[in-house]
Amino acid sequence: MTARGDAPPPGAGGRGTRDLLLLGAGIVLVVVIVVAVAVLVSRRGQPQNAAGTEAPEQDAARVTPDDASGSPIANIGSGGCTTSDWYVLCFTDPKYPDNPANHKGGLDVQLVQFMDKAQHTLDVADYDFDLADVADAMVRAKQRGVTVRMVTDSDTINDTKNKPVQDALGKLKKAGITFIGDDRKPIMHNKFTVVDQEWVETGSWNYTDGDTYHLNNNMIIIHSKDLAANYAAEFDKMFVKRQFGPTKDPAIPHPTLTIEGTKIQNCFASEGHCADKIVSTINGAQQSIEFMAFSFTSDKIGTAMLARHQAGVGLTGVFETTGSNTSFSEYTKMKKDKIPVYQDGNPWVMHHKVIVIDKHIVIFGSFNFSDNADKDNDENLLIVDDPRIAAAFQAEFDRVLALAKNPPPRKK
């Protein structure tokens, strides 16, 4: 099985090499929503280019296994999931050495249950796609009368030698589900699903076996009609208007919104100048900046971090190993300045694109910290100001950092 994700190749160039390691795509999904009194729930990297691209919450309930009511909430891996009344946040838990027999019960199960809740619309924008059970869930939705649509990267559609990819897409085609590609060199790198114009799932997780069981990934499901309106509008730009990258209309219904007292900024690339929003947020850091970066080649973002560090703000980070030693990566610059940064310890790929600021702000999504992400690709980004969500990402950062400092021996 080949893996397609967004791991940076060691050299320069525009688009990353498409089959790297045996990655795939992995993380996410679950969702719980408290309606009135009961917990009503739902549903639930091809390498980006190195040159141009690019403890759990205290107040949130721990996710528990499915109950008799059919709740789609499950306890997934040591990273697990945390929930509130408006979100479910999950992380993958790669195990090394690999055992294919254990490739079950992961975030794909949660995504399937999320999709199975759809009653009216199911819109999927996913860069890489090979999960048979997810394809089956989309087919079931179509069969019960749900309008199902999909946007993916053209290289995924044209990856004719990848049998799992073609089998998954073949199921959609046979069911009459329309899926389109971007038909251009930069990549459609989103990974999000919108259900019934009310729920949004997003994060770093592609819907593939490799992303689910090999890569470090994150995913969140959020219940918000305003946020869903943003993602639905972005989806229509691609699917209906055939707008991609910087050609997309920059309008967004709710660029900032508040959910249960939590302030959220939402940005879409490359029409939204998302790197500027990241820099602005970094510039406000007062105590700490901690990050996990699959691809970090943006001088603009790196310079902002270094400036805050020089002003006395703590700075620590973990880089995906592949591509981090190139002249394009911010790793070498930070290492030279004696910043405590590390190469990750995952024998496959550390796929996060996360920045935690002052223990209460988190920047995350599909957006790698790269010029390609900012200027060419199709991406989405959330900036969330919530100490509970930040605590969950902090716990994941601590796990990734510990593994970076003490990586497992790799098979030769």
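This passage describes the overall make-up of a predicted model and then the surroundings of selected elements within the chain. Residues are numbered from 1 along each chain as its sequence is written. In this predicted model, local features need pLDDT of at least 70 and side-chain atom pairs count only at pLDDT 80 or more, whereas totals for chains, interfaces and linings use all residues; side-chain values use heavy atoms, with hydrogens and water left out.

The secondary structure of the chain comes to 11 helices and 19 strands, where helices (H or I, at least four residues) and strands (E, at least two) are DSSP runs numbered from the N terminus. Of the 412 residues, 61% count as buried, a term that denotes under 20% relative accessible area, with exposed standing for over 50% and partly exposed for values in between (1.4 Å probe, protein chains only). The chain has an accessible surface of about 15000 Å², and 53% of that surface belongs to carbon and sulfur atoms; these areas come from the Shrake-Rupley method with a 1.4 Å probe, and for residues only the protein chains shown count as cover.

Helix α1 (residues 107-115) is largely enclosed by the rest of the structure, because 8 of its 9 residues are buried. The buried residues of α1 are L107, D108, Q110, L111, V112, Q113, F114 and M115.

Strand β9 (residues 191-195) is likewise largely enclosed by the rest of the structure, since 5 of its 5 residues are buried. Cover is found on both faces of β9, with K191, T193 and V195 buried on one side and F192 and V194 buried on the other. Strand β6 (residues 121-126) runs antiparallel to β9 and is joined to it by 5 bridges, pairing being assigned if DSSP finds at least two bridges between two strands; within this arrangement, F192 of β9 is the bridge partner of A125. Strand β10 (residues 199-203) also pairs with β9 in the antiparallel sense, over 4 bridges, and V200 in β10 stands opposite V194. The hairpin of β9 and β10 has 3 residues between the strands, and D196 takes a positive phi near 55° in this hairpin.

K163 is found in helix α4 (residues 163-175) and is exposed, with a relative accessible area of 57%. The side chain of K163 makes a polar contact with the side chain of D167 at 2.6 Å, such a contact being a pair of N or O atoms within 3.5 Å; within protein, one atom must be able to donate a hydrogen and the other to accept it, and residues adjacent in sequence count only if both atoms are side-chain atoms. K163 and D130 are separated by 33 residues in sequence and by 8.5 Å in space, C-alpha to C-alpha.
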